[in-house]
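Dear colleague,

My notes on it follow directly after.

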Amino acid sequence: MSADRAMPFLNLERVIYTYPGRPPIVDGVDWRLEAGGVHCLVGRSGCGKTTLLKLAAGLLAPQSGRVQLWDGTPATPGPQLGYVFQAPTLLEWRRVIDNVLLPVSLQRRPLPEDIDRAQALLAMLGLSDYAQRYPRQLSGGQQSRVALARALILEPALLLLDEPFAALDAITRGELQDDLMRLCRLRKTTVLFVTHDISEAVYLGDRVAVMHQGRMAADLPIDLPAPRTQSMRHGAAFNTYCAQVFEFMNGARA
Amino acid sequence: MKPAIPFRLLSLALLVLLVGAWEVTVRQAGISALVLPAPSAVAKTLWTSLATGYLWPHIGATLAEMLLGLALGGAAGLAMGVALAESALLDRVFKPYVIVSQVVPKLALAPLFVLWFGFGMAPTIVMTALICFFPLMENTLTSLRQVDPNRLQLFRMLGASRAQTLLRLKLPAGLPGILAGLRVALVLALVGAVVGEFIGASRGLGAVIIAAQGMMDTPLMFAALTAIAAIGLLGYQATLMLERRLLRPYADQS
């Protein structure tokens with residue numbers, strides 16, 4: 001990443017967004033995302049976190065305020081961004097490998113290098129044997145992994161995830177969290193991870209931002225050792241952070 | 001799927017039972033062959049009319065009209081469905097006309113078509129095409145509109161063009177619905193072809209029925225009906241096989 005350390009990778013300034021006929025769902029948010037960091041965004045259902053993610057992706061345009069990338073350009077949807085949805089949203093009529101290659105094949109005919117890269121990603125996610133299967137033949141966790149591989153195939157500088165593991169059981173979710181971290185640390189991808197699960201946010205994040213009623217209630221640094229392990233979840237430091245986030249999420253200290 | 005074969009046997013046994021009851025009733029009650037011929041008489045007429053080659057050209061004519069009408073009307077319905085689904089303007093301008101053209105019973109237009117296109121296959125094909133148009137248009141329109149919004153957002157995110165979104169997302173995602181429309185259209189096409197032949201044709205199974213009525217040859221009428229039923233069954237089975245083949249990846253599999 002050639003982004004200047006002083007400049008945030010993605011900068012949101014006084015961003016307001018309102019769906020017609022309702023009070024603002026995102027109400028004056030300032031937020032700086034550092035390059036290469038993992039930024040988690042937590043909040044209760046309906047607090048505006050998914051809307052904020054779509055604003056960051058450029059899928060929505062703010063009514064006022066700015067959403068800027070490090071080079072001063074506004075955020076626009078495109079292959080420079082990876083996006084993982086709440087559901088895997090795979091194309092069930094294409095094989096797994098074609099689903100992973102979709103972002104490439106929409107731009108150009110996939111080259112042998114692209115196919116190798118897709119195979120390598122699938123191998124890292126433990127899905128080598130499933131490349132020629134159809135998505136419906138895979139379990140929920142495997143489908144989520146394919147969606148993750150698809151988001152990473154073009155090696156985007158920014159990866160946006162919208163509660164991607166919410167529908168998975170605790171053990172599968174833990175495995176996927178570790179897979180995600182491994183892949184993103186390797187490429188120094190900047191990550192914006194939206195979740196309503198506090199422990200997931202603390203486990204994954206370098207920083208955890210808390211949203212409450214359309215506003216940013218807090219942006220806490222999480223100072224836990226770098227390669228996180230599932231056993232940390234039971235440590236005292238981890239739980240202190242969780243309690244802190246919980247209070248902000250409740251709006252107690254906002 | 002173990003019970004599949006016993007069920008099929010049961011259904012075959014019911015057919016044998018019904019045909020047997022028909023045979024016995026006709027013989028016992030001494031019903032004239034002019035009113036209701038016995039199945040054995042129908043089978044005999046069917047066999048001789050096939051063996052002498054009398055029925056074959058008529059079967060060929062009906063099949064040709066049905067398939068040509070289905071191809072023309074189906075293709076037009078598909079194209080119109082895509083156009084209306086893609087363009088709100090076209091939808092608003094054309095939809096009232098399309099609906100009016102469909103509520104007018106097309107069978108009532110048959111005499112007009114004979115006037116315009118003369119006797120022979122042309123008026124029947126036009127009418128069959130008009131009948132096939134609607135189910136395919138309606139199903140295509142509905143299927144394309146019902147594409148999962150998350151998948152649409154994914155394609156937007158990946159910078160897909162409108163044509164790519166249509167060809168690589170909407171049409172494949174709508175394929176199950178479109179094929180269901182094709183199945184309905186095929187059944188209607190057979191009705192359209194036969195009724196068209198009633199009115200303005202000298203060839204085809206519909207014309208055979210009218211001619212048999214004129215000759216008071218009721219067994220021949222039943223023979224033609226049997227042939228029509230066989231065509232319908234085979235056509236329906238063919239669309240089911242096509243669906244099973246094309247939709248294999250869509251089905252849940254372990």
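Leaving aside neighbours within four places in sequence, Ile131(B) is in contact (C-beta atoms, placed from the backbone, within 7 Å) with Gly73(B), Lys106(B), Leu188(B), Ala189(B) and Gly192(B). Ile131(B) belongs to helix α6 (residues 121–145) of chain B; helices here are DSSP runs of H or I with at least four residues, strands are runs of E with at least two, and both are numbered from the N terminus. Ile131(B) counts as buried because 25 other C-beta atoms lie within 10 Å, the cut-off being 20 or more, with 12 or fewer for exposed and partly exposed in between.

This is a predicted model, in which local features need pLDDT of at least 70 and side-chain atom pairs pLDDT 80 or more, while totals for chains, interfaces and linings use all residues. Residues are numbered from 1 along each chain as its sequence is written, and chains are lettered from A and ligands numbered from 1 in the order in which they are written.

In chain A, three strands form an open antiparallel sheet in the order β2-β1-β4, where pairing requires at least two DSSP bridges. β2 (26–33) and β4 (64–69) of chain A each have a single partner strand, so one side of each lacks a neighbour in the sheet. Six bridges join β1 (residues 10–17) of chain A to β2(A), and Tyr17(A) stands opposite Val26(A).

Between the chains, the contact takes 18 residues from chain A and 17 residues from chain B. On the chain B side, α7(B) gives the largest share, six residues.

Kind regards

Note on methods. Contact = placed C-beta atoms within 7 Å.
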